[in-house]
Protein chains: 2
Amino acid sequence: MMHSPHRTHFLKALITCVGEAHLLTDEAAKPFTQDERNRYHHPALAVVFPKTTEQVARIVQLCANHQPPIAIIPQGGNTGLVGGCAVLTHRDSILLNLSRMQQVLDIDRDNRTMTLQAGVTLEQAQQTAEAHQLLFPLTLASQNAATIGGNLATNAGGTQVLRYGNMRDLCLGLEVVLPTGEVWQGLNRLRKNNTGYDLKHLFIGAEGTLGIITAAVLKLFPAPQQTQVAMLAAPSVAGIARSFDVLQRQFDAQLTAFEYISPSASQLVCAQFNWPPLFSNHNAHVALIELSHAQPDASLNEQLQNQLSQLIDNQTLDDVLMAQNLNQANNFWRMREHISAAQKRTGPNIKHDISVPISAIVPFIEQTTLTLEQAYSGIQPIVFGHMGDGNLHFNISCGRAFATSEQLMARERDINNMVYEKVTQFGGSISAEHGIGLLKRDLMPSIKSAVELNMMRQLKNTFDPLNIMNPEKIITHN
Amino acid sequence: MMHSPHRTHFLKALITCVGEAHLLTDEAAKPFTQDERNRYHHPALAVVFPKTTEQVARIVQLCANHQPPIAIIPQGGNTGLVGGCAVLTHRDSILLNLSRMQQVLDIDRDNRTMTLQAGVTLEQAQQTAEAHQLLFPLTLASQNAATIGGNLATNAGGTQVLRYGNMRDLCLGLEVVLPTGEVWQGLNRLRKNNTGYDLKHLFIGAEGTLGIITAAVLKLFPAPQQTQVAMLAAPSVAGIARSFDVLQRQFDAQLTAFEYISPSASQLVCAQFNWPPLFSNHNAHVALIELSHAQPDASLNEQLQNQLSQLIDNQTLDDVLMAQNLNQANNFWRMREHISAAQKRTGPNIKHDISVPISAIVPFIEQTTLTLEQAYSGIQPIVFGHMGDGNLHFNISCGRAFATSEQLMARERDINNMVYEKVTQFGGSISAEHGIGLLKRDLMPSIKSAVELNMMRQLKNTFDPLNIMNPEKIITHN
């Protein structure tokens, strides 16, 4: 690791680039070097806060030209859940935090696009669109801190993917500082552009390992003028899955959210926050659904009510609550959004962000629950998530199986293996929306073929031969 | 080039792999070595028709291991318009035609996906979806011959992109035979999967230069149960553009097509096919629009009629025709779809498949037309296309400027330069949906930065170091 005089010399060069006020070390750097769940907290040489693309490029050049090269960890809102911004213990690294790059570079109402610097927060991006009577649809729990650059680097998801897609689908163009310090200017504002390899897809979802996204062109949509939120209760998860199929066939793109909440998840939220249960049957499987339409359309509610009545008549559903006003709609969403917070109150627990084909959701939940129960009688899966995308947060609480969280967490590896084995069996993914980072990196050889891992390494080695760009994330270096 | 005994030896090896009936040479090969517009027609060593992925891999190995290596040109329906399947004059090449690989590998109604071999035609793919009451939305003029593999390799577009996206957006997973002969098995059926670099995007739109797509997982959608087609007439292209903005804000995803037809284009079609004009004003700018809904909804037509009446009242539009039945709707589409055929009847003409930001369509058309008129007084642009995507087919006929097509075509390079200069000035693309192939390859240095070209070359050299996979397409080798 770098000795003190060298370190001072290098930091001076960084300060020359960004100014003394925009470089933090030691104690001041801690909020940036420690992650959300406090799994990672190794110190970096410094946290640097550039203001312009040119400064980012200059910093990358400084790190690349240093002997030995300094690792660069790009950072947005530091809200990631898999250690994508973790500082490595065995390499000199800087955190390159883009939160000062907050400019709205362009907004084009007729083209339905906006061009933003990477440090704009997701919430600011939403508000920018809203100010022009348009919608930027990505919606996440951490949107007040998460940045556009981070959302792109992790291909963020959330609750509106069903209708509008992941962050990858919402991006038309990028500006990227490459590991060489060159700037790739790809701020394309076109819907259609078949002129060679579409390079933006290299960087979206690459978690900062191939370059630093400094700006992006994002798609905008007509803002819905009417929204209807409802809660559905079914006797089984199969009833919820069947309702999804029926409702999506009827409403297509107007069905903008379909979130599943297991009986254990709603019981947990009600118990922790002392809220009354939504349905008289406390063991109901619940779905929160949202219909949206670009213009007020009275017939939409009527159509929904008719369809839900039929689903009750044929016993697919037990019960239905239609939000009568915005307040009630917010209450329904609050139930869904407080599941993580409720879990946090009960102490550490085991989290899985998985996806399976939508057709496999019912057998996956049933079989995985059974497998876990056979191994740990009384264990409590808390299952919820974006069912319309096949994406479940399949979390595990103690239940009657463990007296303490510590006892549960001691079995984490074993429980992960059981869940991931089922995921793989159903052709699913062990990371639907959170990414790989450092946390899941060592699982990659077990879920990817040698051919695929080799292609990923070839990409990494080609574009980052010095291995300076967020090294050791996603895949190990050879 | 290969001498006869070597040639015979190599062809024998190929025959051992696919069987004698599935290899064509000389005269029999001509329908495959000659492209749609007969721009390219150099003979290949052979056209080979494998049936399985294993055969494709074996063929690639044979070509890679040959001294010197044999170039491989992957081919689907041979409907491309930019010489993507052109046989090079200076290298021994085989055409690897995937049309025998026609298996439907999987269809999953609840997951809204189907898995197809690459040689399935687009029309067969549409019909497969339809048989399961689902929609595969990609729609192209050449769909009876064009294949899924070719559609993916060229990131095909068409008339439904506005709602459903390009082929890239419709693909969840791929199986690809790499230039090494290895098979990348990436037939992912998931909507969300953030586990490292999303490798399928390397191959989609790469025109077969990085590997051979042998199978794909495609997204399906609820099949619309109601469709409303209408023709709009406006005094100017600005009126058409304004109508697009208003209608998309009102109908959002229900607006599934928005096609522009210039006055010259509708006049040409009516004259060539002896059809009566749609509107009394022969100089009207026309849009063909389509609204779709997943379920019958009587209010949709009413809403559309109300909105169009307002657009007439405020003089954005002059006139409107609503299709009263399927027959009328088909007639409207026929007008749009016969523009290319009408142009073909008048002899060779100059074609441009360009895109600009939607907000730039009006000034782009106006200024480009003016520039051309100033250079060639009386020249006739025939403009039409997918206006809702910013994609125009900006074609050029003789008009009064040239007595013969030959005289027009003699100025092709000059006219291309004028059009592409305007495209570039408005931040547009010189190939919105047809790709680069051989035809537009030499324009790449003028439209891409050195940084971008270098990244493309790095990708090509990394994955195809022998330069055997559709070489010299998109970009030249070094």
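1. Rings of Phe, Tyr and Trp (its six-membered ring) pair if their centres lie within 6.5 Å, and planes under 30 degrees apart count as stacked, over 60 as edge-to-face and the rest as tilted. With that in hand, a search of the whole structure gives 16 aromatic pairs over all chains. One of them joins B:F244 and B:F258, whose ring centres are 5.1 Å apart with planes at 70°, so this pair is edge-to-face.

2. A word on the ground rules: this is a predicted model, in which local features need pLDDT of at least 70 and side-chain atom pairs count only at pLDDT 80 or more, while totals for chains, interfaces and linings use all residues. Residues are numbered from 1 along each chain as its sequence is written, chains are lettered from A and ligands numbered from 1 in the order in which they are written, and side-chain values use heavy atoms, leaving out hydrogens and water.

3. Back to the ring pair, where are its two partners? B:F244 is in helix α8 (residues 237–251) of chain B and B:F258 in strand β13 (residues 255–261) of chain B, so the pair ties together parts 14 residues apart in sequence. Helices (H or I, at least four residues) and strands (E, at least two) are DSSP runs, numbered from the N terminus. B:F244 is buried at 4% relative accessible area, and B:F258 is buried at 2%; buried means under 20%, exposed over 50%, and partly exposed in between (1.4 Å probe, protein chains only).

4. A:E259 belongs to strand β13 (residues 255–261) of chain A and A:R336 to helix α11 (residues 326–337) of chain A, so their pairing ties together parts 77 residues apart in sequence. Both A:E259 and A:R336 are buried.

5. How many salt bridges cross the interface of chain A and chain B? The rule finds ten. Among the salt bridges, B:K192 pairs with A:E433 at 2.8 Å between the closest N and O atoms. This pair crosses between chains, from the loop between β9 (183–186) and α7 (200–203) of chain B to the loop between α15 (412–425) and α16 of chain A. B:K192 is buried at 0% relative accessibility, and A:E433 is buried at 9%.

Key:
Salt bridge = Lys/Arg side-chain N within 4 Å of Asp/Glu carboxyl O.
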